[in-house]
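Biologist: Could you walk me through this one? I'd like to begin with the core and then move on to the aromatic rings.

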Amino acid sequence: MNEELLGVGPDELSAFLEKHREDFLTSPHPFADYMRMKLREKGILQQNVFLAADLSENYGYKLIAEEKHTRQRDTILRLCLAAQFRLEEVQEALILCGMAPLHARFARDAALTVAAQNGICDLREINRLLQSCGQAPLIRDYE
């Protein structure tokens, strides 16, 4: 949809909006809806994700319900990777949270991209990968 939008001029915008009417986010809590949908699709319990992401259940539930907000991109990445999200799903969750998606021009993001692409969802393993590249871990003192 984004690529298609790049070719749309002002006089074609109405047709584009009509064509993609069903694709637009209308929920007041798109991140919450997305996370719940993905966890349901994957058959993963939220409490298991919180445990794997090293987040308290209380805080994790509030994040996923969008009752609490975080500016910590690493927290959202931990949730997504612990939930075994594929790279595209991680990117979508970050965007829906109002955060920058992973970008290959940043070494740390490149390492996290490799982790997501290869199904690495264990925080210890991700931290080892990051540290092997001289990058900061997703969570400190996690061993």
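Modeller: Bearing in mind that this is a predicted model, the largest nonpolar core has 36 residues, and the ones that touch the most other members are L79, F85, V90, L112, I126 and L138.

Biologist: Which elements give two or more residues to this core?

Modeller: Those are α3 (30-42), α4 (46-52), α5 (57-64), α6 (73-82), α7 (87-96), α8 (107-117) and α9 (123-132). The most comes from α6, which gives six residues.

Biologist: Back to F85, then: what does it touch?

Modeller: Leaving aside residues up to four places away in sequence, F85 is in contact with Y34, M35, K38, K42, C80, V90, A93 and A116.

Biologist: And how many aromatic pairs are there?

Modeller: The count comes to two. One of them joins Y34 and F85 in an edge-to-face arrangement, with 6.3 Å centre to centre and 85° between the planes. Y34 belongs to helix α3, whereas F85 sits in the loop between α6 and α7, so that this pair links distant parts of the chain, 51 residues apart.

Biologist: Are those two buried or exposed?

Modeller: Y34 is buried, and F85 is buried as well.

Biologist: Why is the pair of F50 and Y61 edge-to-face?

Modeller: The ring centres of F50 and Y61 are 4.8 Å apart and their planes stand at 80°, and because planes over 60 degrees apart count as edge-to-face, the pair falls in that class. Since F50 lies in helix α4 and Y61 in helix α5, the pair ties together parts that are 11 residues apart in sequence.

Biologist: Changing topic, how many helices and strands does the chain have?

Modeller: The secondary structure comes to nine helices and zero strands, and the C-alpha atoms fill a box of roughly 55 × 35 × 25 Å along the principal axes. Of the contacts with a separation of 6 or more, 51% are accounted for by residues 24 or more positions apart.

Biologist: What about the surface and the charges?

Modeller: The chain exposes about 8,900 Å², of which carbon and sulfur atoms supply 50%, and buried residues make up 39% of the 143 residues. As for charges, there are 17 positive and 22 negative side chains, and the centres of the two sets lie 6 Å apart.

Methods: Residues are numbered from 1 along each chain as its sequence is written. This is a predicted model: local features need pLDDT of at least 70, side-chain atom pairs count only at pLDDT 80 or more; totals for chains, interfaces and linings use all residues. Side-chain values use heavy atoms; hydrogens and water are left out. Helices (H or I, at least four residues) and strands (E, at least two) are DSSP runs, numbered from the N terminus. Buried means under 20% relative accessible area, exposed over 50%, partly exposed in between (1.4 Å probe, protein chains only). Contact means heavy atoms within 4.5 Å. Accessible areas come from the Shrake-Rupley method with a 1.4 Å probe; for residues, only the protein chains shown count as cover. Lys and Arg count as positive and Asp and Glu as negative; His and the chain ends are not counted. The place of a charge is taken as NZ of Lys, CZ of Arg, CG of Asp or CD of Glu. A nonpolar core is a set of buried Ala, Val, Leu, Ile, Met, Phe, Trp, Tyr and Cys residues joined through side-chain atoms within 4.5 Å. Rings of Phe, Tyr and Trp (its six-membered ring) pair if their centres lie within 6.5 Å; planes under 30 degrees apart count as stacked, over 60 as edge-to-face and the rest as tilted.
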